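Look through the sequence and the structure first, then read the points below.

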Amino acid sequence: MASILVLWDVDFTLVNAFGVGRRLYDLAFADVYGRELPVWVHEVNMAGRTDRAIALDVLKIAGVPDPPGQVVGFEAALARFAPSLAGLVKATAQALPGAAAALAALAAVDDGPLQSLLTGNIRPLAEVKLAPLGLTEHLDLDVGAYGDEHEVRAELVPLARARAALAYQRDFGGEATVLIGDTPLDVEAALVAGARAVAVATGRFTVADLAAAGAHIVLPDLT
């Protein structure tokens, strides 16, 4: 039985979705508020942040009254429209080099790790980014933690650990949990939780940036 919990980030760790998430925000905002999301709202920083934090910023900047009171309804619209983007993912998104092989290699290890997600995406968005590219086969998505569950990424780690412990009757505390991601916020989430941080420099942050953030291991990519 697995004794290690590996929690993967999605964007720029496993995939480059080429703006699928931004398209989803456009669709959801138009549906809920009956107007287009201002183009300049897309300048909101998304790297390593959760959809809860991003959505709150987007609603505020777009002039929606009471963003904290509106955010759950907006996230419901995001979840509703996410499956409709599967075709766009197939047409434009790409699995990053080594992603599929890394997932499969961990799954092939005898008594290998339990693999899931710790992502800033809401679960339906994470699934639609990964499934069309064949990247969900080795993941137990039910024990992951997702971006509508807290504004702060580090707060997602205890959620995933608790779900994995309940489902598999094992303790994944401390360094029995490993986070793999491409941003300093992924690294911070691991360090705050006492987990191991494996960083990959396949996003906007360099090997030096990720090492400076305190990652235990930094890889140039997943190959």
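Phenylalanine 29 is buried, with a relative accessible area of 0% (buried means under 20% relative accessible area, exposed over 50%, partly exposed in between, with a 1.4 Å probe and protein chains only). The model is predicted, and local features need pLDDT of at least 70, side-chain atom pairs count only at pLDDT 80 or more, while totals for chains, interfaces and linings use all residues. Residues are numbered from 1 along each chain as its sequence is written, and side-chain values use heavy atoms, with hydrogens and water left out.

**Aromatic rings**

- The structure holds 3 aromatic pairs (rings of Phe, Tyr and Trp, the last by its six-membered ring, pair if their centres lie within 6.5 Å; planes under 30 degrees apart count as stacked, over 60 as edge-to-face and the rest as tilted).
- Tyrosine 25 and phenylalanine 74 form an edge-to-face pair, with 5.6 Å from centre to centre and 65° between the planes.
- This pair links distant parts of the chain, since tyrosine 25 is in helix H1 (residues 20–33) and phenylalanine 74 is in helix H3, 49 residues apart (helices, H or I, have at least four residues and strands, E, at least two; both are DSSP runs numbered from the N terminus).
- Both tyrosine 25 and phenylalanine 74 are buried.
- The ring centres of phenylalanine 29 and phenylalanine 74 are 6.5 Å apart and the planes are at 75°, so this pair is edge-to-face.
- Phenylalanine 29 lies in helix H1 and phenylalanine 74 in helix H3, so the pair ties together parts 45 residues apart in sequence.
- Phenylalanine 74 has 0% relative accessibility and therefore counts as buried.
- One aromatic cluster is formed by Tyr25, Phe29, Tyr33 and Phe74.

**Helices H1 and H2**

- The axes of H1 and H2 come within 13 Å and cross at roughly 55° (axes are lines fitted to C-alpha atoms, for helices over the stretch in contact, and angles run from 0 to 180 degrees between N-to-C directions).
- This angle makes H1 oblique to H2 (under 35 degrees counts as roughly parallel, over 145 as roughly antiparallel, 65 to 115 as roughly perpendicular and the rest as oblique).
- On the H1 side Tyr25, Phe29 and Tyr33 meet Asp51, Ile54, Ala55, Val58 and Leu59 of H2 (contact means heavy atoms within 4.5 Å).
- The residues of this contact divide into 7 nonpolar, no polar and 1 charged (Ala, Val, Leu, Ile, Met, Phe, Trp, Tyr, Cys and Pro count as nonpolar, Asp, Glu, Lys and Arg as charged, and the others, Gly among them, as polar).

**Helices H2 and H3**

- Helix H2 (residues 51–61) packs against helix H3 (residues 67–81) at an angle of about 120°, and their axes are 9 Å apart.
- H2 and H3 are therefore oblique to each other.
- The contact involves residues of H2 including Asp51, Ala55 and Leu59, and residues of H3 including Pro67, Val71 and Phe74.
- By class, the contact of H2 with H3 has 8 nonpolar, 1 polar and 4 charged residues.

**Two loop residues**

- Valine 44 is in the loop between H1 and H2, and at 9% relative accessibility valine 44 counts as buried.
- Not counting residues up to four places away in sequence, valine 44 touches Arg22, Arg49, Ile54, Asp57, Val58 and Ile61.
- Threonine 183 lies in the loop between strand E5 (177–181) and helix H8 (184–192), and threonine 183 is buried, with a relative accessible area of 3%.
- Leaving aside neighbours within four places in sequence, threonine 183 is in contact with Ala47, Gly48, Phe205 and Leu210.
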